[in-house]
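Below are my notes on the model, as numbered points. Please read them alongside the sequence and the coordinates.

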Amino acid sequence: KCFDEGYMQRLTGYARTAFQCACDHCCATTSCFPGDAEVLTPLGPVPMGELEVGQEVFVSGGDGLQVDKVLAFLHRDPDAHSLMVHVVHQNGILVATPNHLIFVTTPMGRVDKPAGQLRHGEVLVLPDGKTSAVTAVKRKQGGGFFAPVTTSGLLVVDGVVVSSYATVPGARWLRHELAHAAVAPL
């Protein structure tokens with residue numbers, strides 16, 4: 001809604017362009033996945049809303065899938081509702097709040113990007129080392145906020161490699177590595 005109604009302000013920073021919501025009514029305060037988003041675990045896909053602290057999940061490592069553990073939840077509110085980004089790609093649909101960090105491939109390698117800034121043609125990272133091109137990005141209201149943190153700060157949600165973190169409201173950009181370094185003492 002904010003992009004459509006002109007609330008997004010362009011911010012330019014070192015080697016990146018980012019956008020910040022300038023409205024006072026929507027998406028800049030939450031950073032999660034909906035409760036029905038599927039997390040890849042050794043037991044198979046598990047709805048985000050059923051994931052527990054201590055549960056094993058798969059993450060994408062340098063050598064393919066690796067087992068990791070959920071350490072905590074940054075957000076866990078099954079009754080919350082907010083704007084969600086539906087990222088339609090060649091292999092499925094990923095749903096997240098606009099500021100959640102998603103990994104894409106570029107000529108510079110794998111980089112993180114807020115879900116709300118993904119565009120048609122960008123290439124998502126899949127857990128098997130393959131990729132999937134974005135074919136559409138839609139914004140819809142969604143329910144349930146869940147943001148699990150793993151030891152690595154990575155997850156596989158709806159078949160896509162994602163970060164446990166999001167950009168901070170008012171910040172130009174919060175990279176995955178910086179967010180993970182700040183939370184790592186957990």
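1. Confidence. The average pLDDT of the chain is 78, and 70% of the residues score at least 70; pLDDT is the predictor's confidence in each residue, from 0 to 100. Residues 1–28 have a pLDDT below 50, yet this stretch has 59 contacts in the model beyond near neighbours in sequence. A contact means heavy atoms within 4.5 Å. Where pLDDT is low, the predicted coordinates should not be read in detail.

2. Basis of the values. This is a predicted model, in which local features need pLDDT of at least 70 and side-chain atom pairs count only at pLDDT 80 or more, while totals for chains, interfaces and linings use all residues. Residues are numbered from 1 along each chain as its sequence is written, and side-chain values use heavy atoms, with hydrogens and water left out.

3. Overall make-up. The chain has 2 helices and 13 strands; these are DSSP runs numbered from the N terminus, with helices (H or I) of at least four residues and strands (E) of at least two. Of the 186 residues in the chain, 48% are buried. Buried means under 20% relative accessible area, exposed over 50%, and partly exposed in between, with a 1.4 Å probe and protein chains only. Among contacts in the chain with a separation of 6 or more, 59% are between residues 24 or more positions apart.

4. Salt bridges. How many salt bridges does a search of the whole structure find? The search returns 2, a salt bridge being a side-chain nitrogen of Lys or Arg within 4 Å of a carboxyl oxygen of Asp or Glu. Side chains of opposite charge can pair when their charged atoms come close.

5. Glu52 and Arg76. Glu52 is in the loop between strand E4 (44–47) and strand E5 (56–61), and Arg76 is in strand E6 (residues 64–89), so the pair ties together parts that are 24 residues apart in sequence. Both count as partly exposed: Glu52 has 43% relative accessibility and Arg76 has 36%.

6. Lys113 and its partners. Lys113 belongs to strand E9 (residues 109–114) and is buried, because its relative accessible area is 16%. Lys113 forms a salt bridge with Glu122, with the closest N and O atoms 2.6 Å apart. A polar atom of the Lys113 side chain also lies 3.3 Å from the backbone oxygen of Gln117.

7. Gln117. This residue is in the loop between E9 and strand E10 (123–125). Is Gln117 buried or exposed? At 9% relative accessibility, Gln117 counts as buried. Gln117 and Val85 are 32 residues apart along the chain, and their C-alpha atoms are separated by 9.5 Å.

8. Charges over rings. The charged end of Arg110 sits over the ring of Phe103, at 4.3 Å from its centre. The criterion is NZ of Lys or CZ of Arg within 6 Å of the ring centre and within 35 degrees of the ring normal.

9. A backbone angle to check. Asp158 is in the loop between strand E12 (154–157) and strand E13 (160–166). Its phi is near 50 degrees, a positive value in a residue other than glycine. Most residues other than glycine have a negative phi.

Methods: A polar contact is a pair of N or O atoms within 3.5 Å; within protein, one must be able to donate a hydrogen and the other to accept it, and residues adjacent in sequence count only if both atoms are side-chain atoms.
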